[in-house]
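Good morning, colleagues. Please look at the display first.

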Amino acid sequence: MTHATLAAEFVADGPRAHWHDQTLWFVRAKRDKAAHQVPEWEQLREAASQIKAATMANLADYLEQFEANATRLGAHVHWAANAAEHNQIVLEILERHGVRRLVKSKSMLTEECHLNPFLERHGIEVVDSDLGERIVQLSGEPPSHIVMPAIHYKKEDIGTLFHEHLGTEAGASDPNYLAEAARQHLRDKFLTADAGLTGVNFAVAETGGFVVCTNEGNADLGVSLPKLHIACMGIEKLIPRAKDLGVFLRLLARSATGQPITTYSSHFHGPLPGGELHIVLVDNGRSEILGSDEFRRSLNCIRCGACMNTCPVYRRSGGHSYETTVPGPIGSILAPARDMKKFASLPHACSLCGSCTDVCPVKIDIHHQLLTWRREIALHGNLPLRKRLSMKAASFVLRHPWLYKIAGKTARTIVPWLPRFMIYNRFNGWGRQRELPPMPPRSFRELYRQRQNGK
Ligand code: SF4
């Protein structure tokens, strides 16, 4: 289905769409406040952008350096070319250790690889330990946002879900009560897990260590009790030096939620004493993006979600309408790189307002890349027929000034006299929620000429 079709389903519930919009705008406003409190914010963004660009230019060398240093610290490093290899590697490690229950902290990469259903098909119970992730897992849905996976739910919905799955009181919606119920439920899972799996926010080539950022401490708890820790990371998560970490950690939380820093920024250097640490480095299409001059910078993304919180389209259409692991503006760049035909509608789900580019902490030129995707999609013949024909008609009119003039004059004369049903009908999608502005008495050309003549 296209983004427009799915978004129409989401906005059909007007109050919910409004509430979703307001909630994310609140987070965006918090981000602004936090950013404005750092006088050197723009220098930080520039530094992050340059560090990422330099890393991507030498990614192969940095990856080898990271592998050598991580191995020296006692970790086992694995390489996966795609999602299937990643899943197989994780399964083999788990089976070798006889793992029946895995506790997992938030990792968009494992979502991208569909690791949970894969492991469950092989008889391994996977428990997402981030509260938002656990909520969407219990409801059988994918996350709708990369930082706040259950942001599309109201507390009343979560009360119903917990009543069904965790046996809480029917109709309960008190956040403290629900959070306590989730805590008790997860505590049991933590204590009985055979292995812990985390994502990676930043891996440092110079040291072979990596950092996982959470607000709930669930990653630390998940990998402190069992002896086996698996960390899965996309190859773009690398940064060259330990001293670069400060730049990214200062940007990440402020951009994501408006916090000065995430509550837990946990550093891992090698396995626990007597334990095992496996790091799985995953490509899954990233090398192809790296090879593209137009879209390489999308790999700089540190998954803060700021572009989603500010995007007027994402805020009103919800994350599930993108049908991708990473939704919103950055997801609309990454998804067509994976399958241009399937995700051809996403770069068009953009108002090109540029707000995403303004907030991006690593200065990705998001809306420019979305515009480039539109051109690529059109050149490859992936536009729907209706759009192709209407674009051709618009192009014909715009290339013939006399025709443009006649069309304008006709519209200005006729539209004010047309009955409403002839303007506001099912063919005018634009007019479904908006009134057309009144027709101006004169064209821009006439007004301009008048001004030039000083009249
Ligand atoms: S593209 Fe930029 S703003 Fe969007 S999630 Fe990535 S880093 Fe954050």
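Which residues touch the most other members of the largest nonpolar core? Among the 80 residues of that core, they are Phe-66, Phe-210, Leu-238, Phe-248 and Ile-330. Helix H12, residues 245–257, contributes the most to this core, with 7 residues. By nonpolar core I mean a set of buried Ala, Val, Leu, Ile, Met, Phe, Trp, Tyr and Cys residues joined through side-chain atoms within 4.5 Å. Buried means under 20% relative accessible area, exposed over 50%, and partly exposed in between, with a 1.4 Å probe and protein chains only. Helices (H or I, at least four residues) and strands (E, at least two) are DSSP runs, numbered from the N terminus.

Before going further, I note that this is a predicted model, in which local features need pLDDT of at least 70 and side-chain atom pairs count only at pLDDT 80 or more, while totals for chains, interfaces and linings use all residues. Residues are numbered from 1 along each chain as its sequence is written, and side-chain values use heavy atoms, with hydrogens and water left out.

Consider Leu-238 in detail. Setting aside neighbours within four places in sequence, Leu-238 is in contact (heavy atoms within 4.5 Å) with Lys-52, Thr-55, Leu-59, Tyr-62, Leu-63, Phe-66, Ala-203, Ala-205 and Met-233. There is also a second, separate core of 23 residues, including Ile-93, Leu-94, Val-99 and Leu-119.

Finally, two backbone positions. Asn-284 is not a glycine, yet its phi is positive, near 45°. Asn-284 sits in the loop between strand S10 (276–282) and helix H13 (286–290). Is Asn-284 buried or exposed? Asn-284 is buried, at a relative accessible area of 14%. Glu-323, also not a glycine, has a positive phi of about 55°.

Thank you for your attention.
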